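This briefing covers pockets, salt bridges and surface features of one protein model. Please consult the sequence and the structure shown below alongside the text.

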Amino acid sequence: EKKVGVIETWLRKHPLPFKGATRHPLILSIRDGSIDIASFKSWLAQDYLFVRAFVPFVASVLIKAWKESDESGDMEVILGGVASLEDEISWFKREASKWGISLSEVVPQQANKKYCGLLESLMSPDVEYTVAITAFWVIEVVYQESFAYCIGEGSKTPQELKETCERWGSEAFAKYCQSLQNIVNRRLQKASDEELKKAERMFLNVLEYEVDFWNMSRGNV
Ligand code: HMH
């Protein structure tokens with residue numbers, strides 16, 4: 001008998017916060033083609049800064065896995081995540097130059113600073129591996145679910161944005177998110193009630209930060 005994972009129960013319990021983060025108006029406007037390009041460019045510039053802060057966060061999760069994980073396979077999944085961020089940063093640089101954005105001049109907005117602050121707080125050795133990898137999974141799955149929707153059946157995403165959507169909307173990225181989800185479910189199954197609560201709060205917390213992040217670039221939609 002296969003047990004239903006904790007994540008599945010969270011998704012059933014909190015459908016609206018999850019939908020808020022993965023079906024945000026900015027995403028809907030990409031999907032229906034009404035996106036204002038200034039909003040897209042603003043998102044791209046801010047996300048580049050976010051991803052730079054995301055690298056040390058993922059590295060910190062790798063350290064926690066090495067110290068705390070009960071399964072050696074976790075490390076390979078997380079290491080794959082670290083490795084793909086090098087390519088991602090190069091991609092941001094290329095994409096920014098395509099759109100005429102000078103990344104060295106980008107100033108982080110308030111919601112971005114706040115989100116990067118959350119990442120930094122999660123790097124503390126006091127934060128348990130289970131809580132940190134839960135946050136890691138939510139951060140990735142929001143982008144996967146959002147951008148996959150932009151290239152799904154019936155989407156009218158402008159051609160010049162399709163490569164961006166493919167980056168996070170691809171089958172390969174979905175599989176990677178599934179690997180993270182399996183780790184999180186395994187950890188949560190063994191977690192104490194207190195740790196479970198902490199992880200669930202972190203799940204909801206990250207969803208709110210994601211909405212605030214999208215809101216920065218809402219522009220004139
Ligand atoms: C804000 N959330 C944000 N940026 C990203 N690049 C991801 C998630 C996915 O890595």
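A residue is termed buried under 20% relative accessible area, exposed over 50%, and partly exposed in between, with a 1.4 Å probe and protein chains only. By that definition M75, at a relative accessible area of 34%, is partly exposed. The model is predicted: local features need pLDDT of at least 70, side-chain atom pairs count only at pLDDT 80 or more, and totals for chains, interfaces and linings use all residues. Residues are numbered from 1 along each chain as its sequence is written, and side-chain values use heavy atoms, with hydrogens and water left out.

**Largest pocket**

- Volumes are the space filled by probe spheres set on the points, which are joined across faces, edges and corners.
- At least two lining residues come from each of α4 (37-68), α5 (73-98), α7 (129-151), α8 (159-169), α9 (171-190) and α10 (193-216); helices are DSSP runs (H or I, at least four residues) numbered from the N terminus.
- Helix α5 contributes the most to this lining, with five residues.
- The lining consists of 12 nonpolar, four polar and five charged residues, where Ala, Val, Leu, Ile, Met, Phe, Trp, Tyr, Cys and Pro count as nonpolar, Asp, Glu, Lys and Arg as charged, and the others, Gly among them, as polar.

**Second largest pocket**

- The second largest pocket holds about 200 Å³ of space.
- Ten residues line the second largest pocket, and K3, G5, N185, R186 and Q189 lie nearest its centre.
- Two or more residues of this lining are given by each of α1 (6-13) and α9.
- Helix α9 provides the largest share of the lining, four residues.
- By class, this lining has two nonpolar, four polar and four charged residues.

**Salt bridges**

- The structure contains 10 salt bridges, a salt bridge being a side-chain nitrogen of Lys or Arg within 4 Å of a carboxyl oxygen of Asp or Glu.
- D70 pairs with R186, with the closest N and O atoms 3.0 Å apart.
- Because D70 lies in the loop between α4 and α5 and R186 in helix α9, this pair ties together parts that are 116 residues apart in sequence.
- D70 is partly exposed at 39% relative accessibility, whereas R186 is buried at 17%.
- R167 and E88 form a salt bridge at 3.9 Å, N to O.
- With R167 in helix α8 and E88 in helix α5, the R167–E88 pair ties together parts that are 79 residues apart in sequence.
- R167 counts as partly exposed at 21% relative accessibility, while E88 is buried at 9%.
- E95 and K98 form a further salt bridge, with the closest N and O atoms 3.2 Å apart.
- These two residues are three residues apart in helix α5, so about one helical turn separates E95 from K98.
- E95 is buried, with a relative accessible area of 2%, and K98 is exposed, at 55%.
- Through shared partners, salt bridges join D70, D74, R186, R187 and K190 into one network.

**Nonpolar surface patch**

- I63, W66 and M75 make up a nonpolar patch on the surface, with about 340 Å² of accessible area together.
- Such a patch is made of residues with over 30% relative accessible area and no salt bridge, and nonpolar side chains (Val, Leu, Ile, Met, Phe, Trp, Tyr) are joined within 5 Å.
- Accessible areas come from the Shrake-Rupley method with a 1.4 Å probe; for residues, only the protein chains shown count as cover.
- M75 belongs to helix α5.

**Selected residue positions**

- V142, in helix α7, is buried at 0% relative accessibility.
- The C-alpha atoms of V142 and W168 are 9.4 Å apart in space, and the two residues are 26 residues apart in sequence.
- V55 is located in helix α4 and counts as partly exposed at 26% relative accessibility.
- V55 and M123 are 68 residues apart along the chain, and their C-alpha atoms are separated by 11 Å.

Conventions: 1 Å grid on protein atoms, 1.4 Å probe; cavity = no way out; pocket = protein on both sides within 12 Å on 5 of 7 lines; lining within 4 Å. Patch = residues over 30% accessible without salt bridge, like charges linked within 9 Å, V, L, I, M, F, W, Y side chains within 5 Å.
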